[in-house]
Amino acid sequence: MISTALIVIDMQLGSFSPTAARYQSEAVIARINTLAAKLRAAQGKVVFIQHEGPEGDPHHPDSPGWHLLPELEVLKDDRTVGKTSCDSFLSTDLDQILRADSIERLVICGCATEFCVDTTVRSALARGYHTTVAADAHTTAERPHLSASDIIAHHNATWADFISPVGPAEVRESAEIQFA
(Lines give C-alpha, C1' and ligand atoms only; values in the text may rest on other atoms or scores of the structure.)
Protein backbone atom coordinates (compact mmCIF):
# COMPACT_ATOMS: atom_id res chain seq x y z
CA MET A 1 0.00 0.00 0.00
CA ILE A 2 1.22 3.49 -0.82
CA SER A 3 1.69 5.49 2.35
CA THR A 4 -0.90 8.29 2.32
CA ALA A 5 -1.56 11.52 4.19
CA LEU A 6 -4.72 13.61 4.22
CA ILE A 7 -3.84 17.31 4.11
CA VAL A 8 -6.63 19.45 5.58
CA ILE A 9 -6.00 23.11 4.79
CA ASP A 10 -7.18 26.16 6.78
CA MET A 11 -10.39 24.78 8.22
CA GLN A 12 -10.21 27.46 10.90
CA LEU A 13 -12.74 29.61 12.70
CA GLY A 14 -11.33 32.77 11.10
CA SER A 15 -12.23 31.46 7.64
CA PHE A 16 -15.81 30.52 8.51
CA SER A 17 -18.06 33.27 9.81
CA PRO A 18 -21.31 34.99 8.84
CA THR A 19 -19.26 37.59 6.97
CA ALA A 20 -17.06 34.90 5.36
CA ALA A 21 -19.56 32.22 4.42
CA ARG A 22 -18.09 29.23 2.59
CA TYR A 23 -19.81 27.16 -0.06
CA GLN A 24 -21.45 24.01 1.34
CA SER A 25 -19.31 24.25 4.48
CA GLU A 26 -21.29 21.73 6.56
CA ALA A 27 -21.12 19.10 3.82
CA VAL A 28 -17.42 19.79 3.25
CA ILE A 29 -16.67 19.35 6.97
CA ALA A 30 -18.62 16.07 7.04
CA ARG A 31 -16.69 14.79 4.00
CA ILE A 32 -13.35 15.75 5.56
CA ASN A 33 -14.27 13.90 8.76
CA THR A 34 -15.27 10.82 6.73
CA LEU A 35 -12.03 10.91 4.71
CA ALA A 36 -9.97 11.29 7.89
CA ALA A 37 -11.71 8.35 9.57
CA LYS A 38 -11.23 6.12 6.50
CA LEU A 39 -7.56 7.06 6.22
CA ARG A 40 -6.86 6.52 9.92
CA ALA A 41 -8.47 3.05 9.64
CA ALA A 42 -6.01 2.34 6.79
CA GLN A 43 -3.06 3.50 8.96
CA GLY A 44 -2.59 6.77 7.06
CA LYS A 45 -1.66 10.15 8.50
CA VAL A 46 -3.90 13.19 8.93
CA VAL A 47 -2.24 16.61 8.84
CA PHE A 48 -4.13 19.80 9.65
CA ILE A 49 -2.65 22.97 8.16
CA GLN A 50 -3.36 26.18 10.05
CA HIS A 51 -2.72 29.60 8.57
CA GLU A 52 -0.85 31.90 10.94
CA GLY A 53 -1.55 35.51 10.05
CA PRO A 54 0.15 38.62 11.42
CA GLU A 55 -1.06 40.44 14.51
CA GLY A 56 -4.57 41.81 13.92
CA ASP A 57 -5.37 39.09 11.37
CA PRO A 58 -8.25 36.72 12.21
CA HIS A 59 -5.79 33.83 11.77
CA HIS A 60 -3.16 35.14 14.18
CA PRO A 61 -2.22 32.33 16.60
CA ASP A 62 -3.42 34.41 19.57
CA SER A 63 -6.86 35.05 18.06
CA PRO A 64 -9.93 32.80 18.32
CA GLY A 65 -10.01 32.56 14.50
CA TRP A 66 -6.75 30.61 14.42
CA HIS A 67 -8.34 27.53 16.01
CA LEU A 68 -9.63 24.64 13.93
CA LEU A 69 -13.38 24.34 13.48
CA PRO A 70 -14.88 22.46 16.44
CA GLU A 71 -16.88 20.25 14.06
CA LEU A 72 -13.66 18.69 12.76
CA GLU A 73 -12.71 15.36 14.28
CA VAL A 74 -9.10 15.92 15.33
CA LEU A 75 -7.33 13.07 17.12
CA LYS A 76 -4.22 13.23 19.30
CA ASP A 77 -2.11 11.38 16.71
CA ASP A 78 -2.97 13.87 13.95
CA ARG A 79 -0.30 16.39 13.04
CA THR A 80 -0.66 20.16 12.83
CA VAL A 81 1.52 22.42 10.68
CA GLY A 82 1.43 26.21 10.77
CA LYS A 83 1.97 28.23 7.60
CA THR A 84 2.26 31.90 6.72
CA SER A 85 1.55 31.80 2.97
CA CYS A 86 -0.86 30.10 0.59
CA ASP A 87 1.65 27.28 0.09
CA SER A 88 1.47 24.70 2.89
CA PHE A 89 5.05 23.65 2.06
CA LEU A 90 6.75 27.05 1.86
CA SER A 91 8.82 27.79 4.98
CA THR A 92 7.15 24.94 6.92
CA ASP A 93 8.25 21.48 7.99
CA LEU A 94 5.42 19.75 6.07
CA ASP A 95 7.70 18.15 3.47
CA GLN A 96 10.07 16.87 6.18
CA ILE A 97 7.17 15.42 8.20
CA LEU A 98 5.79 13.63 5.15
CA ARG A 99 9.16 12.30 4.01
CA ALA A 100 9.99 11.10 7.56
CA ASP A 101 6.79 9.03 7.46
CA SER A 102 7.58 7.79 3.91
CA ILE A 103 4.40 9.41 2.58
CA GLU A 104 4.11 9.09 -1.20
CA ARG A 105 0.49 10.11 -1.80
CA LEU A 106 -1.43 13.14 -0.59
CA VAL A 107 -5.17 13.63 -0.50
CA ILE A 108 -5.85 17.36 -0.29
CA CYS A 109 -8.96 19.15 0.95
CA GLY A 110 -9.92 22.30 2.87
CA CYS A 111 -10.29 26.05 2.38
CA ALA A 112 -9.86 28.23 0.19
CA THR A 113 -9.96 26.57 -3.22
CA GLU A 114 -8.37 29.30 -5.32
CA PHE A 115 -5.74 30.30 -2.79
CA CYS A 116 -4.28 27.84 -0.29
CA VAL A 117 -5.74 24.64 -1.70
CA ASP A 118 -4.65 25.47 -5.25
CA THR A 119 -1.15 26.56 -4.25
CA THR A 120 -0.64 23.48 -2.08
CA VAL A 121 -1.85 21.10 -4.82
CA ARG A 122 0.61 22.64 -7.29
CA SER A 123 3.43 22.58 -4.74
CA ALA A 124 2.74 18.92 -3.85
CA LEU A 125 2.85 17.92 -7.52
CA ALA A 126 6.08 19.88 -8.06
CA ARG A 127 7.62 17.96 -5.13
CA GLY A 128 6.70 14.64 -6.72
CA TYR A 129 3.82 13.59 -4.47
CA HIS A 130 1.07 11.57 -6.09
CA THR A 131 -1.77 13.96 -5.36
CA THR A 132 -5.48 13.36 -5.11
CA VAL A 133 -7.87 16.25 -4.62
CA ALA A 134 -11.16 15.50 -2.90
CA ALA A 135 -13.30 17.32 -5.48
CA ASP A 136 -16.20 17.85 -3.07
CA ALA A 137 -14.18 18.51 0.10
CA HIS A 138 -12.69 21.91 -0.61
CA THR A 139 -14.55 25.17 -0.42
CA THR A 140 -14.36 28.90 -0.96
CA ALA A 141 -16.51 32.01 -0.74
CA GLU A 142 -18.66 33.63 -3.38
CA ARG A 143 -16.63 36.24 -5.27
CA PRO A 144 -17.90 39.29 -7.17
CA HIS A 145 -16.43 37.93 -10.42
CA LEU A 146 -17.26 34.22 -10.07
CA SER A 147 -19.49 31.97 -7.99
CA ALA A 148 -17.95 29.59 -5.46
CA SER A 149 -19.28 26.57 -7.35
CA ASP A 150 -17.67 27.84 -10.58
CA ILE A 151 -14.34 28.47 -8.81
CA ILE A 152 -14.41 24.92 -7.43
CA ALA A 153 -15.35 23.39 -10.80
CA HIS A 154 -12.64 25.39 -12.58
CA HIS A 155 -9.92 24.29 -10.18
CA ASN A 156 -11.02 20.65 -10.21
CA ALA A 157 -10.74 20.70 -14.02
CA THR A 158 -7.38 22.48 -13.97
CA TRP A 159 -5.78 20.10 -11.44
CA ALA A 160 -6.97 17.08 -13.42
CA ASP A 161 -5.06 18.36 -16.46
CA PHE A 162 -2.02 19.83 -14.70
CA ILE A 163 1.46 19.00 -16.04
CA SER A 164 3.91 17.84 -13.36
CA PRO A 165 6.70 15.28 -12.84
CA VAL A 166 4.15 12.74 -11.51
CA GLY A 167 1.31 13.68 -13.83
CA PRO A 168 -1.82 15.65 -13.03
CA ALA A 169 -3.68 15.44 -9.76
CA GLU A 170 -6.30 12.78 -9.51
CA VAL A 171 -9.57 14.59 -8.82
CA ARG A 172 -12.26 12.42 -7.25
CA GLU A 173 -15.40 12.76 -5.20
CA SER A 174 -14.71 11.93 -1.54
CA ALA A 175 -16.81 8.77 -1.61
CA GLU A 176 -14.68 7.42 -4.49
CA ILE A 177 -11.33 7.89 -2.73
CA GLN A 178 -9.82 4.62 -1.55
CA PHE A 179 -7.01 4.19 0.97
CA ALA A 180 -6.45 0.43 0.97
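What share of the contacts in the protein chain with a separation of 6 or more comes from residues 24 or more positions apart? In this predicted model, the figure is 76%. Keep that in mind as we walk through the fold.

Let's start with the parts list. The protein chain has 4 helices and 6 strands, and if you read along the sequence you get the pattern β-α-β-β-α-β-α-β-α-β. The 6 strands come together in an open sheet, with parallel pairing and the order β3-β2-β1-β4-β5-β6. At the edges sit β3 (79–83) and β6 (170–172), each of which pairs on one side only. Going from one strand to the next, the twist averages 25°.

For a look at the pairing itself, take β2, which covers residues 45–51: this strand and β3 pair in the parallel sense over 5 bridges. If you want a spot to check in the viewer, find His51, whose bridge partner in β3 is Lys83.

Now for the helices on the sheet. Helix α1 (residues 25–41) lies across β1 (4–9), β2, β4 (105–111) and β5 (130–139), and the helix runs at about 145° to β5. Helix α3, made of residues 113–126, packs on the sheet too, touching β1, β3, β4 and β5. The direction of α3 makes about 170° with that of β4.

Step back and look at the overall dimensions. The C-alpha trace spans about 40 × 35 × 30 Å along its principal axes. A compact globule of 180 residues would have a radius of gyration near 16 Å, so the 15 Å of the protein chain agrees with that. Of those 180 residues, 51% count as buried. The accessible surface of the protein chain comes to about 8,400 Å², and carbon and sulfur atoms hold 53% of that.

Finally, the cysteines. How many disulfides does the structure hold? The count is 0. Cys86 is in no disulfide, and the nearest cysteine sulfur, that of Cys116, is 3.9 Å away; a disulfide would need the two sulfur atoms within 2.5 Å. Cys86 is partly exposed, with a relative accessible area of 31%. Cys109 is in no disulfide either, and here the nearest cysteine sulfur belongs to Cys111, 11 Å away. Is Cys109 buried or exposed? With a relative accessible area of 0%, Cys109 is buried.

Technical notes: Residues are numbered from 1 along each chain as its sequence is written. This is a predicted model: local features need pLDDT of at least 70, side-chain atom pairs count only at pLDDT 80 or more; totals for chains, interfaces and linings use all residues. Side-chain values use heavy atoms; hydrogens and water are left out. Two strands pair if DSSP finds at least two bridges between them. Helices (H or I, at least four residues) and strands (E, at least two) are DSSP runs, numbered from the N terminus. Axes are lines fitted to C-alpha atoms, for helices over the stretch in contact, and angles run from 0 to 180 degrees between N-to-C directions. Contact means heavy atoms within 4.5 Å. The radius of gyration is taken over C-alpha atoms; the globule rule is 2.2 Å times the number of residues to the power 0.38. Buried means under 20% relative accessible area, exposed over 50%, partly exposed in between (1.4 Å probe, protein chains only). Accessible areas come from the Shrake-Rupley method with a 1.4 Å probe; for residues, only the protein chains shown count as cover.
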